[in-house]
Amino acid sequence: MSPRSFLSGSESVAPRAWTSWFRGHGRRSVKRAACVVAVLLALVLGHGATRAERAPRATIDALSKARTLRGRARRAAGEARAALVERACAELERAWTGAFSPRDVGEATLSTAALCAASGNFDTARAWLQRWIDTYADAGFDVEMNARMRLEIAHLWRRSEHFERARDAYAELARDVRIGPRVRERARLGIASVDALQGLLPVAERTWIELVESARTPSVRVDAWLALARSERVPERSDRVRALLEQLLVNFEHDAMRGDERAERARLRLQRHR
């Protein structure tokens, strides 16, 4: 409801009627009405702010503790590392019970899953990622975060040598036009990795070359070139690989001069291989 309809009790008040009302009641009445509006707004907004502040506090604390524990776990080893990972997972479990944004819980889930995977607990890592998807993705929350979860699951299938499942998961992402180019191009890198692991090196190399030449994401172009440079067939085509490197450096330098920070970071990564 607009201010004038609040004061008049009508949704449509003509300018002349408003002028007459103002002249008839004077400035003091307007001030009283403005005070009423201000009090009502303060009550409504204040109530919402209190709920917003109180509801996520337990989640904020849990996410903070989980982040600290993950950092300690990365520096630990053996049983100490396993214990810290378990405690981090327990804190993340607490975070799920609070009212907080899907993206914040998603970032924590990705970090915890990565830690579990680094410890060889691929099933546990997949379970965390799938839980976020089941909880938030079907409700329409954050398409890009959902894509990142699916990409990590595909990586886990590949790392645990379930190559066909990995290929299917990567292919589904690469075809998904709802998501941005970074995840789709990462999925194509994943398919090439599966091809290489299954002995289809020429197929993998074609994908790497295509990504080096045409990917929109600078880091993907770098990773594709590095994968190509590490392949066993490189000695037979070292001149082509070197030419691709030089062309990439020229492209990144040009984009960096226009203020593209991602291109500058990519250029610095590749500079070491010149």
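**Exercise 1.** Determine how helix H4 (residues 78–96) and helix H6 (residues 122–136) pack against each other, giving the angle and the distance between their axes.

*Solution.* In this predicted model, H4 and H6 pack at an angle of about 0°, and their axes lie 13 Å apart, where axes are lines fitted to C-alpha atoms, for helices over the stretch in contact, and angles run from 0 to 180 degrees between N-to-C directions. H4 is therefore roughly parallel to H6, a term that covers angles under 35 degrees. Helices are DSSP runs of H or I with at least four residues, strands are runs of E with at least two, and both are numbered from the N terminus.

The next step is to list the residues: Cys89, Leu92, Glu93 and Trp96 in H4 meet Trp128, Arg131, Trp132, Thr135 and Tyr136 in H6, contact being heavy atoms within 4.5 Å. These residues divide into six nonpolar, one polar and two charged, with Ala, Val, Leu, Ile, Met, Phe, Trp, Tyr, Cys and Pro counted as nonpolar, Asp, Glu, Lys and Arg as charged, and the others, Gly among them, as polar.

Residues are numbered from 1 along each chain as its sequence is written. Local features need pLDDT of at least 70 and side-chain atom pairs count only at pLDDT 80 or more, while totals for chains, interfaces and linings use all residues, and side-chain values use heavy atoms, with hydrogens and water left out.

**Exercise 2.** Describe the span of helix H8 (residues 163–175) and state which of its residues are buried.

*Solution.* The 13 residues of H8 reach 18 Å from the first C-alpha to the last, close to the 18 Å expected at 1.5 Å a residue, the expected span being 1.5 Å times one less than the number of residues. Phe163, Ala166, Arg167, Ala169, Tyr170, Ala171 and Leu173 are buried in H8, that is, under 20% relative accessible area with a 1.4 Å probe and protein chains only, whereas exposed means over 50% and partly exposed lies in between. Their cover includes helix H7 (143–159) and helix H9 (181–197).

**Exercise 3.** Decide whether Arg165 and Glu161 are buried or exposed, and place each of them in the chain.

*Solution.* Arg165 belongs to helix H8 and counts as exposed because its relative accessibility is 51%. Its C-alpha lies 9.8 Å from that of Ile153, although Arg165 and Ile153 are 12 residues apart in sequence. Glu161 sits in the loop between H7 and H8, and because its relative accessibility is 60%, Glu161 counts as exposed. The phi of Glu161 is near 65°, a positive value in a residue other than glycine.

Notes. Parallel < 35°, antiparallel > 145°, perpendicular 65-115°, else oblique.
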